[in-house]
Amino acid sequence: MSLYGVPLSDSRGQRVLHPTREQYVATVKALLDDTFVMCIDLTAVDFLTHPGRELPEGIAAERFEVVVNLLSLERRERIRVRVQVPESDATLPTLFDMYPGSEAMEREVYDMFGIAFSNHPDLTRILMPEDWDGHPLRKDYDQGRIPVQFSADFPAREA
Amino acid sequence: MTDIVSTIREGNEPAQGLKPRSELTARELLREVGAVLRMSEAEAAKLGDIPVDPSEDQTMIINMGPQHPSTHGVLRLMLELQGETVLRCKPIIGYLHTGMEKTGENLTYMQGGTNVTRMDYLSPLNNELVFSMATEKLLGIDGDIPERAVWMRMLLSELNRMSSHLLFMATNGMDLGAVSMMIYGWREREDVLRFFQKVTGLRMNHNFIRPGGVAADLPEGWRDDVLHLLDSIPPRLEEYDILMTGQPIWRDRLQGVGVITQAEAMALGATGPILRSTGVEWDLRRDQPYLHYDEVEFDVIVGSYGDAFDRYAIRLNEIRESIKIVRQILDRMPTGDYRIQNKKITPPPRARIDESMEALIHHFKIFTEGFKVPEGEVYVAIESPRGEIGCYIASDGSATPYRLHVRAPSFVNIQCLPHMMRGGLVADAVAVISSVDPVLGEVDR
């Protein structure tokens with residue numbers, strides 16, 4: 001199965017598109033023109049400790065996967081776009097120009113996974129402090145390893 | 001003035017904050033003014049132009065929050081003001097971030113409910129519901145949930161919508177100076193919470209809706225309690241109408257404030273009362289029915305101006321619709337099991353544990369190890385009081401989710417703030433925040 005030349009799979013009755021990184025923006029644009037006017041959700045998964053997963057033929061599994069959920073109000077349909085992002089070059093073009101609402105969600109993915117969205121207007125951390133080390137939702141980021149942020153020798157702010 | 005700005009920039013506020021006007025790029029502005037589809041950078045740059053008078057500083061950047069009584073928790077807004085007018089606004093979040101999605105990866109599906117229920121703490125049952133529905137879909141048992149459990153879920157979900165909107169009435173009133181409304185709203189909400197306490201044992205954070213059904217059957221006398229709620233709340237709503245809806249001061253404070261258009265709301269991904277206030281008839285209960293919402297009669301309330309008053313009126317009338325739904329649920333509540341009788345998922349009944357070693361072991365295993373969920377990934381969405389709450393779970397076949405993501409409606413809705421506030425008065429900022437009704441617990445997760 002395919003749609004716009006992109007492999008289409010079925011996950012528990014939900015339609016999932018698997019474009020490559022190069023096809024990503026064009027696929028989403030085609031969906032936007034095809035009444036999918038809302039970007040409901042954008043998130044990512046780090047498959048570091050679970051590399052073997054089912055993907056359509058021709059799609060090589062990478063460490064990261066960005067998952068975009070789109071919604072068509074007119075047809076009352078949903079579609080999901082899953083795009084593989086390699087660890088060596090964890091970047092992806094932004095969807096901001098098509099869906100301004102993806103802005104905060106892309107920032108969250110950047111903050112939590114360290115995936116950079118090129119041409120994003122304000123790619124900064126959104127939930128964690130600006131000077132935080134690491135990306136908490138990566139699988140190699142341990143739970144319960146919290147450095148002390150505020151201590152007695154914290155430099156006083158100069159007036 | 002420049003000193004203050006540079007302190008903000010160089011002191012404790014690096015790139016996350018609102019940039020001073022001198023460093024503003026058109027693309028940045030496009031983001032901060034709440035970008036609209038198909039607006040070019042040149043058009044956005046034009047929006048940023050203000051008359052330049054080199055002799056004095058034109059604008060001032062101030063912080064509102066995170067400890068501000070009308071920011072509903074710990075939302076911080078950086079506002080650029082020219083006199084009393086808000087030119088730009090940037091919400092800064094993360095003050096309540098506790099890594100709940102990371103925590104969720106280390107809790108079994110059995111324990112997961114305790115985690116997600118704390119995200120949107122004003123509608124905990126909806127959080128549990130969406131998490132349970134996603135888990136059930138992964139397990140492939142979403143069609144086998146007993147009828148009574150489904151109707152119980154609907155009952156609790158609708159009552160939760162009422163309690164959440166009643167609290168909105170209270171906080172919205174309080175934010176705008178109708179302080180007596182605050183007391184009334186809390187009072188009615190407390191009635192609903194008392195019912196929740198009777199059913200689930202807790203006022204909030206229930207962990208009552210679980211994968212496979214609900215935790216317990218309805219207690220004796222529940223029907224009378226619900227009927228009491230349904231009889232006592234509508235007259236109070238009439239009182240709200242008298243107190244607020246028709247009152248000129250109230251209308252003046254809300255009408256035409258925080259306006260957002262249809263195209264903007266859709267582009268920004270806003271859902272729930274914000275999207276409906278612009279006239280878009282979109283309610284997942286009707287448009288993508290889950291549970292048995294396709295079998296009950298109710299109206300989807302829509303506004304026409306997209307302003308704060310529409311959002312207030314929508315929520316007020318959604319309480320009435322919920323009452324209508326709850327009455328139908330009372331008529332249709334079937335008898336039977338309240339959870340699925342699937343040995344893999346359901347712990348054995350308490351009485352069996354005393355007489356059967358196998359049941360004891362089974363009980364122990366299910367609560368310590370949890371149950372395994374087949375590999376796969378799924379996204380399930382329902383209509384929470386604040387909009388679409390979604391749950392994305394990727395499973396690797398173990399007893400804990402490999403990745404648990406909750407699409408929080410407030411997190412996305414909050415992006416509308418800069419757009420709604422632009423060009424308004426700083427006093428209206430309070431009305432705008434209130435009308436978006438964000439819950440910071442789910443914004444930051």
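Q: Which residue stands opposite Cys391(B) in E8(B)?
A: The model is predicted, so local features need pLDDT of at least 70 and side-chain atom pairs count only at pLDDT 80 or more, while totals for chains, interfaces and linings use all residues. Residues are numbered from 1 along each chain as its sequence is written, and chains are lettered from A in the order in which they are written. Strands (E, at least two residues) and helices (H or I, at least four) are DSSP runs numbered from the N terminus. In E8(B), the residue opposite Cys391(B) is Val406(B).

Q: Over how many bridges do E7 and E8 of chain B pair?
A: Two strands pair if DSSP finds at least two bridges between them. Strand E7 (residues 387–395) of chain B and E8(B) run in the antiparallel sense, and their bridges number five.

Q: Which element supplies the largest share of the side of chain A that touches chain B?
A: In contact (C-beta atoms, placed from the backbone, within 7 Å) are 34 residues of chain A with 46 residues of chain B. Strand E4 (38–46), strand E5 (64–72) and helix H2 (102–113) of chain A each supply at least two residues of that side of chain A. The largest share, six residues, comes from E4(A).

Technical notes: Contact = placed C-beta atoms within 7 Å.
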